[in-house]
Amino acid sequence: MERNDERSDLYKKLFIIGGFATFIQLVGFSISFAIKSYLPFFVTLIIGVTCAMAITNKYFKAVVYMCPNCHNTFKPKLIKWLFAAHTIKTRKLKCPNCYDKNHCLELIKIP
């Protein structure tokens with residue numbers, strides 16, 4: 001149950017960052033449309049991309065994966081993790097211990 005609470009806390013933080021970035025982008029797009037200039041749009045686009053990278057990085061650092069076959073807990077490389085097929089609580093990864101490719105269970109790291 002502790003990990004479930006940590007998961008919801010993590011999701012809340014990520015949602016706040018994402019909501020802030022979306023709001024800033026909408027304001028930038030509106031200002032850009034009103035004054036007929038691309039500058040506000042590009043500035044807020046950079047802010048939005050930066051927030052997206054921060055969300056991805058924060059989420060990647062907060063999770064580890066458990067192999068359903070050997071129950072080994074591991075952390076994949078960022079590129080493999082980013083492009084792996086996934087569901088809400090699993091991600092299809094290759095276990096470094098048994099080399100089996102399965103939908104591994106996502107766990108929140110407890111500091």
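Residues are termed buried under 20% relative accessible area, exposed over 50% and partly exposed in between, with a 1.4 Å probe and protein chains only. The structure is a predicted model, in which local features need pLDDT of at least 70 and side-chain atom pairs count only at pLDDT 80 or more, while totals for chains, interfaces and linings use all residues. Residues are numbered from 1 along each chain as its sequence is written, and side-chain values use heavy atoms, with hydrogens and water left out.

A search of the whole structure finds six aromatic pairs, where rings of Phe, Tyr and Trp (its six-membered ring) pair if their centres lie within 6.5 Å, and planes under 30 degrees apart count as stacked, over 60 as edge-to-face and the rest as tilted. Tyr11 and Tyr59 form a stacked pair, with 6.3 Å from centre to centre and 25 degrees between the planes. Because Tyr11 lies in helix α1 (residues 2–35) and Tyr59 in helix α2 (residues 39–62), this pair ties together parts that are 48 residues apart in sequence; helices (H or I, at least four residues) and strands (E, at least two) are DSSP runs, numbered from the N terminus. Tyr59 counts as buried at 13% relative accessibility, whereas Tyr11, at 32%, counts as partly exposed. Ring pairs link Tyr11, Tyr59, Phe60 and Trp81 into a cluster. The charged end of Lys75 sits over the ring of Phe60, 4.3 Å from its centre, the criterion being NZ of Lys or CZ of Arg within 6 Å of the ring centre and within 35 degrees of the ring normal.

Strand pairing, which requires that DSSP find at least two bridges between two strands, involves strand β1 (residues 63–66) with two partners. β1 pairs in the antiparallel sense with strand β4 (residues 101–108) over four bridges, and also with strand β2 (residues 73–74), over two bridges. Met66 has Leu105 as its bridge partner in β4 and stands opposite Thr73 in β2. The hairpin formed by β1 and β2 has six residues between the strands, and His71 in the turn has a positive phi of about 60 degrees.

The lining includes Phe74, Lys75 and Lys101, and strand β3 (residues 90–94) gives the most to it, with three residues.

Key:
On a 1 Å grid over the protein atoms alone, a cavity is a set of points where a 1.4 Å probe fits but cannot get out, and a pocket is an open set with protein on both sides within 12 Å along at least five of seven lines; lining residues have an atom within 4 Å of a point.
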